[in-house]
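Subject: A structure for you to look at

Hi there,

Here is the structure I promised to pass on. Please open it beside this email and follow along as you read.

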Amino acid sequence: MMPPYWSLGFHLCRWGYRSANETRSVVQRMHMHNFPLDVQWNDLDYADKHRVFTFDPQKFGDLPEMVEEFHQRGMKYVLIL
């Protein structure tokens, strides 16, 4: 069985994105400088008090909108639990 096609693309993942705006900014700079980027990841930084299945309402309050923006660009988005 083959993995999903998008999983073979260019991924960007690191610990330390402090907010949804910082994550957006990194993606925008990648596109602005013509770096390939198919999938953006966020480590547990997005979570509210490091609790899984939550997101920090202050720093990542617009997480669903950010994910929708990425999907509109044809990108995938992965949260690390």
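Helices (H or I, at least four residues) and strands (E, at least two) are DSSP runs, numbered from the N terminus. Keep in mind that this is a predicted model: local features need pLDDT of at least 70, side-chain atom pairs count only at pLDDT 80 or more, and totals for chains, interfaces and linings use all residues. Residues are numbered from 1 along each chain as its sequence is written, and side-chain values use heavy atoms, with hydrogens and water left out.

Let's begin with the strands. Two strands pair if DSSP finds at least two bridges between them. Strand β1 (residues 11–12) and strand β2 (residues 39–42) run parallel and are joined by two bridges; here H11 stands opposite V39 in β2. Right-handed means that, with the strands pointing away from the viewer, the path from the first strand over the helix to the second runs clockwise.

On to the next pairing: β2 is also parallel to strand β3 (residues 76–79), with four bridges joining them. Q40 has Y77 as its bridge partner in β3, and N42 has L79. Another right-handed β-α-β unit is made by β2, helix α2 (residues 63–72) and β3.

Now find D48, in the loop between β2 and α2. Is D48 buried or exposed? It counts as buried, because its relative accessibility is 18% and buried means under 20% relative accessible area (exposed is over 50%, partly exposed in between; 1.4 Å probe, protein chains only). Not counting residues up to four places away in sequence, D48 touches T54, F55, D56 and P57, where contact means heavy atoms within 4.5 Å.

Finally, some rings. The structure holds one aromatic pair: F70 and Y77, which are tilted, at 5.9 Å centre to centre and 50 degrees between the planes. Rings of Phe, Tyr and Trp (its six-membered ring) pair if their centres lie within 6.5 Å; planes under 30 degrees apart count as stacked, over 60 as edge-to-face and the rest as tilted. F70 is buried, at 2% relative accessible area, and Y77 is buried too, at 14%.

Elsewhere, the charged end of R14 sits over the ring of Y17, 4.2 Å from its centre (the rule: NZ of Lys or CZ of Arg within 6 Å of the ring centre and within 35 degrees of the ring normal).

Happy exploring!
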